[in-house]
Amino acid sequence: MDRLSSGAGPLPIVGKPQLPIGQFESRPGIIDLGWGHPGPELLPTAGLGQAAVRVLERYGPDALNYGYAGGPGPLIAWVCERLCEVDAVAPTPDCVVASAGNSQALDHLATLLTAPGDVVLVEAPTYHLAVRILQDHPVDLVPVHADRFGLRVDVLAQTVRRLREQHRQVRFLYTIPTFHNPTGASLAKERRRELVKFAETEEVLIIEDDAYRELSYDGAAPPSLWSLASPGAVIRLGSFAKSLAPGLRTGFITADAAIAGRIRDSGLLDSGGGISHFSSLMVAEFAATGEYARNVEKLRRAYTERRDVLLTALSQELDGRATWLHPSGGYFVWVTLPPGRDASALLPQAEANGSSYLPGSTFYLEAGEGLRSLRLAFSRYRPEELVEAVRRLGRILGGPTARLGPAAV
Ligand SMILES: Cc1ncc(COP(=O)(O)O)c(C=O)c1O
């Protein structure tokens, strides 16, 4: 038995680290539901440690050398099998490329597919750090509004028509149709078909961020846009950050064979080989023993409990003072305050009371949007801490408000 699986915990860190190791910044006294991070105790340190050892035993120096540009064969073959179980269609291996997670994949695709001055469409609201990635490229971002059923395809059609009348080149739409960040909403089935049809007929490429597919809590996740579309219409980004461990920096792209080939042939992969060679082999090794599937089951159970605890605490503490969406998967609950309230303005008070969140305006491109909303992540903290965080929020949100109507985006 090794140190981690014997419960002995990690080795002490040698020397005093002068520079940080992780992204998370703990603020004593604050339960910070702003972080979309996994619960640290839910990361399979022992199992991944053993997988790393087995990778070295099995592949020897090939595990440590430059890898095949498209990602190691064992990972690609297993991704095809896994998608057969968790999506409506399985890709063939020529349509799959390993990535270093969805952030890297999005950045790489923006490099390969866009030219200066192109338009990239994003949902409003959308994942704020995808916006940061896209803003590293000389493109113009244009928002398309979503509601609680996901992206408004009618608004998308109007936006594309308007941009084309202005002779703008609409390069792609970046969208998160399943267990959205920040809203937790999933694009309704009918809208999925409409969106795919629109993309096919109007030749608007879709980049589908499918980071949360494995974390479904009320039955199977809906079919991906990629699985519904004809080849070439959708590129899907899949990540092991949520279903396994973000520090591994591994994921995959499914695309049509031509785009997958273009990614494999890119200068980045020609120079460096597979972008996440060793950790991709670790994922494949972890999956081969059935541990990946068991890990996902464990995460689904833990996060279902955390989601339910958070929703119950919201009902107890904020009923009549806020509304919220019920997420069927992912990490987030999207809360909307009554008219006239501003989640950014309330944040200092919330933090002074020991809880924090991300204000809704973080997720919009345009100033003045999302002011009444806030995003709560239920992933990182234990149930009792979630209850306490909501209790603290309840204290600062004032008295009950008359009729709020349905939860909004
Ligand atoms: C929608 C979405 N996409 C991408 C990411 C980042 O993915 P990765 O860790 O695979 O780079 C996140 C992380 O929070 C996310 O919520």
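A polar contact is taken here as a pair of N or O atoms within 3.5 Å. The structure is a predicted model, in which local features need pLDDT of at least 70 and side-chain atom pairs count only at pLDDT 80 or more, whereas totals for chains, interfaces and linings use all residues. Residues are numbered from 1 along each chain as its sequence is written, and side-chain values use heavy atoms, with hydrogens and water left out.

A polar side-chain atom of Asn181 lies 2.8 Å from a ligand oxygen atom, and a polar side-chain atom of Ser239 is found 2.6 Å from an oxygen atom of the ligand, while an N or O atom in the side chain of Asp209 is 2.6 Å from a ligand nitrogen atom. Of the 390 Å² of accessible area that the ligand has on its own, the protein covers 93% (Shrake-Rupley method, 1.4 Å probe).

The residues surrounding the ligand (a heavy atom within 4 Å) include Gly101, Asn102, Ser103, Tyr127, Ile176, Tyr212, Ala241, Lys242 and Arg249, together with Asn181, Asp209 and Ser239. By class, this shell comprises 4 nonpolar, 5 polar and 3 charged residues, with Tyr counted as nonpolar and Gly as polar.

At the level of the fold, the protein has 13 helices and 14 strands (DSSP runs of H or I with at least four residues, and of E with at least two). The C-alpha trace spans about 65 × 65 × 40 Å along its principal axes. The radius of gyration, taken over C-alpha atoms, is 22 Å, which agrees with the value near 22 Å that a compact globule of 409 residues would have under the rule of 2.2 Å times the number of residues to the power 0.38.

Terms used: A polar contact is a pair of N or O atoms within 3.5 Å; within protein, one must be able to donate a hydrogen and the other to accept it, and residues adjacent in sequence count only if both atoms are side-chain atoms.
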